[in-house]
Amino acid sequence: MTREFEELLNWGGSPQATCGCGRVHFTESGDFMEPGELDGLRAKAKAEPDRYIGDSENDAVSIATVGGVTAVWGCKCGHFDRVEAYLWGNRDMFLRYYRTRIEREKKEAEASSALLPT
Ligand SMILES: [Zn+2]
């Protein structure tokens, strides 16, 4: 994920979050968790290390939603990388879409504006 795309997204933070891929990410700090919650998550991580992933480097799990899918920053599923690659790889198509839609909406607004009394 490029810095430009990362800065574009509206990030939030949580002590634990489930990525759109199903992986559960949690902070090893245990901040803002219920008593016993961190121990439970660690036990699950031990049993299913690819599904429950502890993060000892950050105080919160960073999440953002794109296209209705909430994903976790740094998750190995690479959701944000795929979304960015799709958007960037199809930029000509999106730019054509923006151009034609804006032109149509501008014409419609001008037609509506012409109905207003002067
Ligand atoms: Zn994921």
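Two strands pair if DSSP finds at least two bridges between them. Keep that one in mind. Strands themselves are DSSP runs of E, at least two residues, and helices are runs of H or I, at least four, both numbered from the N terminus.

Now the ground rules. This is a predicted model: local features need pLDDT of at least 70, side-chain atom pairs count only at pLDDT 80 or more, and totals for chains, interfaces and linings use all residues. Residues are numbered from 1 along each chain as its sequence is written.

First, the overall layout. The protein chain has four helices and six strands. Reading from the N terminus, the order is α-β-β-β-α-β-β-β-α-α. The C-alpha atoms fill a box of roughly 70 × 35 × 20 Å along the principal axes. The radius of gyration is 21 Å, whereas a compact globule of 118 residues would be near 13 Å. That radius is taken over C-alpha atoms, and the globule rule is 2.2 Å times the number of residues to the power 0.38.

How much of the chain is buried? Of the 118 residues, 14% are. Buried means 20 or more other C-beta atoms within 10 Å of the residue's own; exposed means 12 or fewer; partly exposed is in between; C-beta atoms are placed from the backbone.

Contacts next. Two residues are in contact if their C-beta atoms, placed from the backbone, lie within 7 Å. Take the contacts with a separation of 6 or more: 65% of them join residues 24 or more positions apart.

On to helix 4. It covers residues 91-114, 24 residues in total. From first C-alpha to last it reaches 34 Å, close to the 34 Å expected at 1.5 Å a residue. The expected span is 1.5 Å times one less than the number of residues. Is helix 4 largely buried or in the open? The number of buried residues in helix 4 is zero, so it lies largely in the open.

Three strands make it, in the order 1-5-6, with antiparallel pairing. Strand 1 (12-14) and strand 6 (69-72) stand at the edges with a single partner strand each, so one side of each has no neighbour in the sheet. The twist averages 35 degrees from one strand to the next. For that, axes are lines fitted to C-alpha atoms, for helices over the stretch in contact, and angles run from 0 to 180 degrees between N-to-C directions.

Look at strand 5, residues 61-66. Four bridges join it to strand 6, antiparallel. Ile63 stands opposite Val72 in strand 6. Val66 stands opposite Val69. The hairpin has two residues between the strands, and Gly67 there takes a positive phi near 60 degrees.

Stay on strand 6 for Thr70. Thr70 counts as partly exposed because it has 14 C-beta neighbours inside 10 Å. Beyond its neighbours within four places in sequence, Thr70 is in contact with Gly20, Ile63 and Thr65.

There is also a parallel pair. Strand 3 and strand 4 (residues 52-55) share four bridges. Val24 has Tyr52 in strand 4 as its bridge partner. From strand 3 the chain crosses through helix 2 to strand 4, a right-handed β-α-β crossover. Right-handed means that, with the strands pointing away from the viewer, the path from the first strand over the helix to the second runs clockwise.

Last stop, Phe32. Where does Phe32 lie? It sits in the loop between strand 3 (24-27) and helix 2 (37-47). Most residues other than glycine have a negative phi. Phe32 has a positive one, near 60 degrees.
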